[in-house]
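Me: I have a structure open on my screen and would like to talk it through with you. Shall we take it one question at a time?

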Amino acid sequence: MMMIDLKRVIKAGFLNFTRSGLVSFAAVLVVTITLSVITGIILLQAVLNFSLNEIKDKVDVTIYFNVKAPEDKILSLKGSLENLPEVKEVSYVSAEEALRLFRERHESDYPTIQALDEIKDNPLGAYLNVKAKEVSQYESIANFLKGDNALVLGSASIVDKINYHQNKIVIDRLNNIISGAQKLGFLVTLILIVISIIVTFNTIRLAIFISKEEISVMRLVGASKMRVRGPFMVEGAIYGAIATIITILLFIPTTIYLGRTMTNFLGMNIFSYYVSNLFQITVIILLSGVSLGIISSLIAIRKYLNK
Amino acid sequence: MIYFNNVSKVYNKDSLALDDVTLTITAGEFVSIVGHSGAGKTTLIKMILADDVPNEGTVFFESINVFKLKNKDLTNLRRRIGVVFQDFKLLSNKTAYENIAFAMEAVGKTNEEIESDVPHVLELVDLKDKMHHFPHQMSGGEQQRLAIARAIINQPELIIADEPTGNLDAINTYEIIQILKKINDLGTTVILTTHNRGVIDSIKKRVITMEKGKVIRDDKSGKYII
């Protein structure tokens, strides 16, 4: 009994959809726009996050040691730094390594190399490169190094300088930009999604308004509320499903184009991101589209059902 | 079958739509309710369907007080009554076949019943060749015959026809009345409202005359007299 009702409701929904022609087309179009906005925001967020991570990755704190600093002390400091919860990684560059890197960097700078050769001794000290998990955590790492901590006992004497304080202004500013960008992104996303939901809801309400005569006749003939409501909900789900397919297809040429022209500027290929996350994106917008269609229909029809 | 007990209905202070109406309609009757527009015919019918609530009095359908029914029981009551309207009230985006099938689906008939009954009833109202036409592809008379077919498909105990011929020409009117008489002959109670003198005079059954919300005449085998 339930099964046969369900089958009839689904069939009626499909039939209504195909017979409503222009109205169905308009509704699908509007849902497509909403889903495109959502997809666009997903991609935009990905680009934003990617760029922010890129920038964050470029920030670090370097601890330069005296030339005579013994290696075991440096390594023990490295060990205690690695134990800090804020620290992501610490890389050690020995004095010899530093010299080699310096020579490489100044390969074509003949006078410098010559001067270096004349000194004979290695003038460069070893250094540690510290990367924090979050940009905001560099300060506490710097404080840790400054403090007379038992773990770093005696390290003050071997440290030549820490470049945190030179980078501080840049790091702070970056920190503000990042958190601001995230807040703004969230706000814009929210506003855009709310607007598109309202527009979709109104379009579906109009589509149902056209059928209000039908609804009252159905009730008059003795149809239960669910029997009247069902086909409209199915129709709403169809709007969502078709709009999902159109949106997914629409974004293939769009992202190919963006991938070709914008990869250098953005630092990532949107098309490959889109393709590798296609499944998740499809699930998200399918669920959004279908539930948007069903819920809008449900709310819109309530007004005419209770008469 | 239907009992009106001192029913009064006021829409605005100056005029009564129904003024202390008391009447009984027994099963198997063919009752015509006549009167000018605004005499209270449609209000009377709305009371039977509990589509409108009176200010005073009660209406019983058999032993049920129709105004005390809950939503679900009301749906069940309405399923026992077939209604035909002046403006047909067909489902415009469904074909003739689907309009009738929908009424059957609504009361939970099986697909087999629908497949066998729908062509049968369409034949009864002479619409078999228009089975897959939409209402807008049919004439007024055809649409009204379809509406009657829909009203009788679930074998209701009562058929209410509210001005069914109001929008039709003489020939179509005659056909509709013949169909209603045939339905009555098969044992279904019929209530017909009209202001068409020719229709009433040709039926030769009970006539209730209304004026300004009051029943002013109730003849067992009446004519249209105002």
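**Chain A and chain B, step by step**

Reply: Happy to, and bear in mind that this is a predicted model. In chain A, residues 24 or more positions apart account for 86% of the contacts with a separation of 6 or more.

Me: Is chain A a compact globule or more spread out?
Reply: Chain A has 12 helices and 4 strands. For its 307 residues the globule rule gives 19 Å, but the radius of gyration is 31 Å, well over that, so the chain is more spread out than a compact globule. The C-alpha trace spans about 100 × 45 × 35 Å along its principal axes. The answer is therefore: more spread out.

Me: Which residue of E4(A) stands opposite Phe65(A)?
Reply: E1(A) runs antiparallel to strand E3 (residues 127-132), joined by 4 bridges, and Thr62(A) stands opposite Asn129(A) there. E1(A) is also joined to strand E4 (residues 159-162) by 3 bridges, again antiparallel. In E4(A), the residue opposite Phe65(A) is Val159(A).

Me: Which strands stand at the edges of the open sheet in chain B?
Reply: The sheet has 4 strands in the order E2-E1-E4-E5, with antiparallel pairing. A strand at the edge has a single partner strand, so one side of it is left without a neighbour in the sheet. That applies to E2 (15-25) and E5 (64-65) of chain B.

Me: What is the bridge partner of Phe60(B) in E5(B)?
Reply: Strand E4 of chain B takes in residues 56-61 and is joined to E5(B) by 2 bridges. These two strands run antiparallel. In E5(B), the partner of Phe60(B) is Asn65(B).

Me: At about what angle does helix H1 of chain B run to E2(B)?
Reply: Helix H1 is made of residues 41-48 and lies across strands E1 (2-12), E2 and E4 of chain B. Its angle to E2(B) is about 55°.

Me: Does Val228(A) count as buried or exposed?
Reply: Val228(A) lies in helix H10 (residues 225-266) of chain A. Beyond its neighbours within four places in sequence, Val228(A) has contacts that include Ile215(A), Met218(A) and Leu305(A). A residue needs 20 or more C-beta atoms within 10 Å to be buried. Val228(A) has 23 such neighbours, so it counts as buried.

Terms used. Residues are numbered from 1 along each chain as its sequence is written. Chains are lettered from A and ligands numbered from 1 in the order in which they are written. This is a predicted model: local features need pLDDT of at least 70, side-chain atom pairs count only at pLDDT 80 or more; totals for chains, interfaces and linings use all residues. The radius of gyration is taken over C-alpha atoms; the globule rule is 2.2 Å times the number of residues to the power 0.38. Two residues are in contact if their C-beta atoms, placed from the backbone, lie within 7 Å. Two strands pair if DSSP finds at least two bridges between them. Axes are lines fitted to C-alpha atoms, for helices over the stretch in contact, and angles run from 0 to 180 degrees between N-to-C directions. A residue is buried if 20 or more other C-beta atoms lie within 10 Å of its own, exposed if 12 or fewer, and partly exposed in between; C-beta atoms are placed from the backbone.
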